[in-house]
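This briefing goes through side-chain pairings, grouped by topic. Please keep the sequence and the coordinates in view while reading.

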Protein chains: 2
Amino acid sequence: MLAVPAKIARCKEIVMCSPPDKNGNIAAEILYTASVCGVTTIFKVGGIQAIATMTFGTECIPKVYKIFGPGNQYVTLAKQHATKYGVAIDMPAGPSELLVLADESAEPEFIAADLLSQAEHGVDSQVVLVALSRNTLRQVEKQVSKQMESLPRREIVKKVMDHSKLIYTDSKVKAIDFVNDYAPEHLIIATKDNDIFVDRIENAGSVFLGVYTPESAGDYASGTNHTLPTNGFSKVFSGVNLDSFQKSITFQKISKEGLKNIGETIETMAESEGLQAHRNAVSIRLKKLTHGN
Amino acid sequence: MLAVPAKIARCKEIVMCSPPDKNGNIAAEILYTASVCGVTTIFKVGGIQAIATMTFGTECIPKVYKIFGPGNQYVTLAKQHATKYGVAIDMPAGPSELLVLADESAEPEFIAADLLSQAEHGVDSQVVLVALSRNTLRQVEKQVSKQMESLPRREIVKKVMDHSKLIYTDSKVKAIDFVNDYAPEHLIIATKDNDIFVDRIENAGSVFLGVYTPESAGDYASGTNHTLPTNGFSKVFSGVNLDSFQKSITFQKISKEGLKNIGETIETMAESEGLQAHRNAVSIRLKKLTHGN
């Protein structure tokens, strides 16, 4: 999710920090994936320690330009703090969220499975159902209770479901307003006519449409990036994408003719701001041009 | 520089905060420009007070999605702090900088005027000359002293020049390395063969090429944006541009056929991360598909 766009953007150095297990090892799956994706260097360090070392640099770990990747609340705060020392970050990432918008055409069994898959991330995950049908809400609630029992992480899931919301409204407008106000990281739309909602969704990180599009497809296989804005930040941030690894520089060259055309404007504006030296930088050139010609 | 791209990006609400003078007025030039550029609301408040009100909202000033615009060190810190409360910012903006890269073909009179126009911004401005010719360096130094005397803001300018650097090197490679390491906000290249440098500049906010391209043209008339990354941040940030006012949302819809194709991959990946509910969200659908067909 991070190394691939970095590689496509031709980042010369892709540093990965990952905490080792108690024997000092990193999981084979992670190492293999890192090598396939073009990570150039791996350091065995995690948490705020990793953020600190990449921010300031150490004897062996380089200071980097930008730090990407989600983490717990400590890591998130460390990343935000790092920006005061000249490092950029992808975005402030909080606990994961899913909002499902469903009407009576949705499959309660599937919706429940989607809500539970979000809930198993951790006790601070957030799960919301906005149902346009009372019956759907009830069916989903039943399915959640049923499916929960067989999950290895059911203790976590139960805690998440306790502070989660199942909301009923009969108004599509209210439902849309709620979604845009909540600005979920993940949004599943499971309704008869998804287009009505797609056209009006302004704030969401990644949207999943239709019966056969579980959010976990985005996590693992369908190709969209799952490093997404949480905590209402989808109002302003995009998920990580190629742009996150690129920047632009403006170049300009003004001809003699060009400076003659815009010179007076610059002089007037500089004058009105009381910046005489700004004005001079133009006047001195215009003088030369007039005398030269 | 901020309202125009915001308008092009179709931002519905463009709020401007500007500190009033002691009579409670905002300069006519500012009000006129704001109305031309599409600012929808103006509030008479400046400094960290403006940042605070736009971050949290008040009875009359709305909470905004993103705060743009440069400010002093207090405003910059307030903006960085605001990001912890759900507001995005354009970039951390510090004091303004200019680096001029010049060889013996440059006009010392023009270079000096450019350095001085940067220096008059404020005592914490930074000005650097990297000269590929000792003679050019000496000539620029002379011209700076000469031109400085007639400037209304010469007290500020003198202080800036005291902590500024005029650097000589005979190596183009060293000059380029220095520029990329310093990562200036503004870079003027005034050399015989600018292309050599243009091809190798990796870190700069905005670049000005050739004899008739003073930096003040970018401030006032040539069209490039002058809200630029300072303090080395041009290593990672672009200047403000249309992208700064836009975000992207990914939408995906998977067909039955599609889920059959990638379903097993998702199941395997989820399993290997120990996330059974993620797996279930797919398995439950695949089961239905198999039984359904």
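**Salt bridges and aromatic pairs**

Glu271(B) has a relative accessible area of 41% and is therefore partly exposed, a class lying between buried (under 20% relative accessible area) and exposed (over 50%), with a 1.4 Å probe and protein chains only. This is a predicted model, in which local features need pLDDT of at least 70 and side-chain atom pairs count only at pLDDT 80 or more, whereas totals for chains, interfaces and linings use all residues. Residues are numbered from 1 along each chain as its sequence is written, chains are lettered from A and ligands numbered from 1 in the order in which they are written, and side-chain values use heavy atoms, leaving out hydrogens and water.

**Salt bridges**

- Over all chains, a search of the whole structure finds 14 salt bridges, each being a side-chain nitrogen of Lys or Arg within 4 Å of a carboxyl oxygen of Asp or Glu.
- Glu271(B) takes part in one of them with Arg279(B), where the closest N and O atoms are 2.7 Å apart, and Arg279(B) is partly exposed at a relative accessible area of 25%.
- Lys12(A) forms a salt bridge with Glu202(B), with 2.9 Å between the closest N and O atoms.
- Because Lys12(A) lies in the loop between helix H1 (3-8) and strand E1 (15-17) of chain A, and Glu202(B) in the loop between helix H9 (194-198) and strand E9 (206-209) of chain B, the pair joins two chains; helices (H or I, at least four residues) and strands (E, at least two) are DSSP runs numbered from the N terminus.
- Lys12(A) counts as exposed at 67% relative accessibility, while Glu202(B) is partly exposed at 40%.
- Lys79(B) forms a salt bridge with Asp90(B), the closest N and O atoms being 2.7 Å apart; Lys79(B) is buried at a relative accessible area of 3%, and Asp90(B) counts as buried at 11%.

**Aromatic pairs**

- The structure holds 10 aromatic pairs over all chains, for which rings of Phe, Tyr and Trp (its six-membered ring) must have centres within 6.5 Å, with planes under 30 degrees apart counted as stacked, over 60 as edge-to-face and the rest as tilted.
- Among them, Phe56(A) and Tyr85(A) are edge-to-face, at 5.0 Å centre to centre and 65° between the planes.
- Phe56(A) lies in helix H3 (residues 47-56) of chain A and Tyr85(A) in the loop between helix H4 (73-82) and strand E4 (88-89) of chain A, so this pair ties together parts that are 29 residues apart in sequence.
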